[in-house]
Amino acid sequence: MFKKLYSYRFEFFFITQLAVLFGSLFIHGEVFEKSIGPIFFLLNLIAGIILISKRKDFFWFFLILLIASSVIFAFAQANGGMPIFTSYMQFGIYFAFYMAVTYEIIKQVWQSVTVDKKVIYGMVSGFVSLGLIGFFICMSIELAHPESFQGGLLNQQETLPNTLTEQLMYFSFITMMTIGYGDILPVTPIAQKASILIGLIGQFYLVVITAVVVGKFINQKSAENNS
């Protein structure tokens with residue numbers, strides 16, 4: 001069963017990414033935030049574990065870390081809350097995990113010999129994963145240097161739950177896609193440099209990784225037509 005799941009690793013990871021990012025569009029309020037959302041996130045973690053399972057060094061290291069993090073989280077929730085240090089530790093584990101998964105996705109897409117729908121799913125999920133990495137970068141900066149990002153709904157954090165997470169996720173993706181509405185602003189030098197980095201990463205991915213996949217697909221079709 002595990003081998004069968006591995007063959008659908010890109011599809012599984014991509015679908016769970018979409019569920020985490022856009023599930024709240026269809027399931028509103030506390031039902032998603034407290035019940036459905038964590039399930040989607042857990043499924044995305046499982047999909048990531050499957051994706052890196054061939055890398056034994058990554059697999060066992062992050063599997064143990066994620067299990068430990070989940071146990072700590074469950075224990076903290078049962079006792080009415082999580083200490084700030086534990087929250088930071090859990091955030092660091094997730095950051096490192098998604099860095100490893102993103103690296104592995106890009107590596108597998110880059111090394112693919114033939115281009116099929118699995119590679120396309122991998123290419124798209126790799127781009128989405130870079131947006132998540134950008135979010136982790138922004139969140140790290142905001143935690144270390146509060147109010148590095150201003151505007152949008154960030155001034156309503158006391159009344160709206162999860163505002164910081166949602167707003168920085170939004171900022172990361174619109175920056176990576178070079179949309180840049182300007183409603184959220186990086187106001188410290190480190191936040192501004194991070195914004196430049198996120199934008200460059202998104203463009204490099206489109207210019208390099210996407211171009212390589214498209215080139216392989218064109219060569220593949222040409223070879224099929226000539227055979």
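This is a predicted model: local features need pLDDT of at least 70, side-chain atom pairs count only at pLDDT 80 or more; totals for chains, interfaces and linings use all residues.
# Helix packing and a pocket

Student: How much space lies in the second largest pocket, and which lining residues are closest to its centre?

Tutor: The space comes to about 190 Å³. The lining has 10 residues. The closest to the centre are Leu42, Ile46, Ile49, Leu63 and Leu66.

Student: Which helix gives the largest share of that lining?

Tutor: Two elements give two or more residues to the lining of the second largest pocket: helix H3 (30–51) and helix H4 (56–78). Five residues are the largest share, and they come from H3.

Student: Now the helices. What describes two packed helices?

Tutor: Look at the axes. Two packed helices are described by the angle between their axes and the distance between the axes.

Student: Is H2 parallel or oblique to H6?

Tutor: Helix H2 (residues 9–22) packs on H6 at an angle of about 40°, with the axes 8 Å apart. Angles under 35 degrees would count as roughly parallel. The angle here therefore makes H2 to H6 oblique.

Student: Is the crossing of H2 and H6 left-handed or right-handed?

Tutor: Find the two partners first. Phe10, Phe13 and Phe14 are among the H2 residues that meet H6, and Tyr121, Val124 and Val128 are among those of H6. The crossing of H2 and H6 is left-handed.

Student: How many charged residues are in the contact of H2 with H6?

Tutor: Glu11 in H2 takes part, and so do Lys117 and Lys118 in H6. Eight residues of this contact are nonpolar and four are polar. The charged ones number three.

Student: How are H6 and H7 set to each other?

Tutor: Helix H6 (residues 117–144) and H7 pack at an angle of about 125°, and their axes are 8 Å apart. Roughly perpendicular ends at 115, and roughly antiparallel needs over 145. H6 and H7 are therefore oblique.

Student: Which hand does the crossing of H6 and H7 have?

Tutor: Take the contact first. H6 gives residues including Phe127, Leu130 and Phe135, and H7 gives residues including Leu164, Leu168 and Phe173. By class, this contact has 13 nonpolar, four polar and one charged residues. The crossing is right-handed.

Student: What angle do H7 and H8 make, and is H7 oblique or perpendicular to H8?

Tutor: Helix H7 (residues 163–176) and helix H8 (residues 189–226) have axes 7 Å apart. Their angle is about 55°. That makes H7 to H8 oblique.

Student: How many polar residues are in the contact of H7 with H8?

Tutor: Phe171, Ser172, Thr175 and Met176 of H7 make this contact with Ser195, Ile198, Gly199, Gly202 and Gln203 of H8. Gly counts as polar. Three residues are nonpolar and no residue is charged. The polar ones number six.

Note on methods:
Residues are numbered from 1 along each chain as its sequence is written. Side-chain values use heavy atoms; hydrogens and water are left out. Axes are lines fitted to C-alpha atoms, for helices over the stretch in contact, and angles run from 0 to 180 degrees between N-to-C directions. Helices (H or I, at least four residues) and strands (E, at least two) are DSSP runs, numbered from the N terminus. Angles under 35 degrees count as roughly parallel, over 145 as roughly antiparallel, 65 to 115 as roughly perpendicular and the rest as oblique. Contact means heavy atoms within 4.5 Å. On a 1 Å grid over the protein atoms alone, a cavity is a set of points where a 1.4 Å probe fits but cannot get out, and a pocket is an open set with protein on both sides within 12 Å along at least five of seven lines; lining residues have an atom within 4 Å of a point. Grid points are joined across faces, edges and corners, and a volume is the space filled by probe spheres set on the points. A crossing is left-handed if the near helix is turned anticlockwise from the far one by less than a right angle, and right-handed if clockwise.
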